[in-house]
Amino acid sequence: MRTKAKVPEENTRPLNPPPQQQVAQPGKHRKPMTAPKGQKAKTPNKKKIIITVLMVVVVLAIVAVAAFFIKQLLDSKYYFCSKSVKFIPLENACDGKEDCSGAEDETACVAKFGANSTFPLRLMTTRNVLQVFSPNEDKWKSVCGDSFTQQHAETACQQLGYSVKPTFGTVQVGVLPSNLKMSFCTVGSSKTQTFLSTVSDLKVCSQGSVVTLTCSAECGLSRNQDRIVGGQDAIIENWPWQVSLQNSGQHTCGGSLVSSNWVVTAAHCFNGDGKKALSRWKVVSGNTYLGSAGASSVEKIIVHRDYSSGRNDYDIAMIQLQSPITVGESRRPACLPPQDLGLKEEDSLVVTGWGHLTEKGNLSPKLQKAQIPLIDRAKCSSPTVYGSAITSRMICAGYLTGGVDACQGDSGGPLVYSFNRWMLVGVVSWGVGCAREGRPGVYTNMDQMLDWVHSVMKEYQ
């Protein structure tokens with residue numbers, strides 16, 4: 001209820017009256033403005049200062065934690081448009097409609113890519129024999145060692161998408177399988193920028209040898225080359241190609257470095273709302289324990305155009321980093337395998353990751369490793385296992401008796417095989433449950449994906 005304010009009585013006294021003049025008295029003088037001799041300056045109470053500092057630290061910590069959880073909550077529900085300074089629902093980002101100023105929400109998204117033709121170069125078998133594809137004849141031809149130079153090696157590797165101190169050698173034709181010694185070609189001037197531009201057909205190699213090529217001198221090396229047993233703790237220095245893909249700071253999938261700025265992972269890692277925008281992803285490398293240290297920003301994410309979530313077919317994707325990682329003991333790419341590597345049943349493979357330790361369990365805080373055998377395709381595609389769900393783009397590994405397997409959180413991670421160096425032969429893709437009897441792990445078959453991988457690396461160089 002409003003009341004009437006009392007009106008103050010009229011006052012003729014000024015707000016700042018002048019000081020009254022005092023008559024100076026003889027013999028009296030003003031004392032100096034100094035403290036008395038016996039008085040000590042007051043010292044601050046140390047306990048009060050410490051308590052105040054601690055209180056400030058606690059308040060700041062509470063504010064920081066609150067800000068972190070608020071950010072996590074916002075990131076889980078909304079996409080932030082930095083140019084127009086607004087939030088939009090997460091499902092609206094990368095949906096084909098422009099919701100942010102300048103189409104910010106649609107320009108930095110997961111892309112699809114499909115190789116329109118056979119990639120013109122390949123390396124074959126454990127010998128890494130270099131071959132060139134002739135589209136007119138629809139066949140592959142091995143490159144003769146005649147006149148092949150270091151410049152040819154560098155040009156060929158650059159066309160394959162990566163080149164780090166490439167090396168080459170030769171192998172006698174007589175020791176090769178028949179499909180590698182049926183057709184031959186040679187190369188001309190090493191000054192050409194396109195390896196295929198000076199290729200000429202030959203009926204035989206005059207020196208009786210063909211080229212073997214290694215495009216990276218740094219891939220596939222590990223601090224410990226010893227074989228390991230399943231289900232054990234691991235350290236990143238032994239598996240330095242392993243990375244963690246983190247969406248809004250949360251580990252979502254694994255991945256494998258295959259060069260200083262390329263990661264191979266699974267396409268299904270990018271299914272669902274909030275997984276299409278590049279800004280939400282980081283690639284964390286060089287860590288044994290899950291964390292955010294060593295995070296790299298993402299330049300591009302490319303998913304295979306033919307990926308089918310219904311069948312998990314063509315389950316492969318590649319991530320290009322904004323800046324190359326520094327190769328060292330804890331960060332090193334795995335080697336891309338040659339085609340027709342010749343893996344056979346019971347060959348020993350290794351899978352690594354931070355996935356669930358048990359089905360429907362929790363993520364492992366420390367990197368795990370398991371040694372598992374390759375399962376024959378006929379067994380894995382039998383009616384009692386996975387039947388027709390297994391395509392040529394898949395391989396199976398593990399134990400039909402169960403017990404050791406990859407699990408949720410390992411998706412996209414590496415399945416590697418050692419032949420002098422560690423090679424990426426598979427990508428963790430799918431399975432029924434984890435380590436169940438008769439339900440082994442299914443992996444993307446890198447042998448069938450190499451054409452696409454080289455095409456992506458060449459396209460986005």
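User: Which cysteine is joined to Cys144 by a disulfide?

Analyst: In general, a disulfide is a covalent bond between the sulfur atoms of two cysteines. The rule applied here asks for a pair of cysteine sulfur atoms within 2.5 Å, and Cys144 is joined in this way to Cys205, with an S to S distance of 1.8 Å. The torsion about their S-S bond is about -75°, so this disulfide is left-handed. Because Cys144 lies in the loop between β6 (139-143) and α3 (150-160), and Cys205 in the loop between β9 (200-202) and β10 (209-214), the pair ties together parts that are 61 residues apart in sequence. Helices here are DSSP runs of H or I with at least four residues, and strands are runs of E with at least two, numbered from the N terminus. Please keep in mind that this is a predicted model, in which local features need pLDDT of at least 70 and side-chain atom pairs count only at pLDDT 80 or more, while totals for chains, interfaces and linings use all residues. Residues are numbered from 1 along each chain as its sequence is written, and side-chain values use heavy atoms, with hydrogens and water left out.

User: Are Cys144 and Cys205 buried or exposed?

Analyst: Buried means under 20% relative accessible area, exposed means over 50%, and partly exposed lies in between, with a 1.4 Å probe and protein chains only. Cys144 has a relative accessible area of 0% and is buried, and Cys205, at 9%, counts as buried too.

User: How should I read a salt bridge, and which residue pairs with Asp313?

Analyst: Side chains of opposite charge can pair when their charged atoms come close. The cut-off used here is a side-chain nitrogen of Lys or Arg within 4 Å of a carboxyl oxygen of Asp or Glu, and the structure holds nine such salt bridges. Asp313 pairs with Arg393, the closest N and O atoms being 2.7 Å apart. This pair links distant parts of the chain, since Asp313 is in the loop between β16 (295-304) and β17, and Arg393 in the loop between α4 (377-380) and β20, 80 residues apart. Asp313 counts as buried at 6% relative accessibility, and Arg393 is buried at 19%.

User: What are the accessibilities of Lys344 and Asp347?

Analyst: The side chains of Lys344 and Asp347 meet in a salt bridge at 3.4 Å, N to O. Lys344 counts as exposed at 53% relative accessibility, whereas Asp347 is buried at 10%. Elsewhere, salt bridges that share partners join Glu137, Lys139, Lys141 and Asp201 into one network.

User: Which kind of aromatic pair do Trp239 and Trp241 form?

Analyst: Rings of Phe, Tyr and Trp (its six-membered ring) pair if their centres lie within 6.5 Å, and planes under 30 degrees apart count as stacked, over 60 as edge-to-face and the rest as tilted. By this rule there are seven aromatic pairs. The ring centres of Trp239 and Trp241 are 6.2 Å apart and their planes are at 80°, so this pair is edge-to-face. Trp239 and Trp241 are both buried, and together with Trp422 they form one aromatic cluster.
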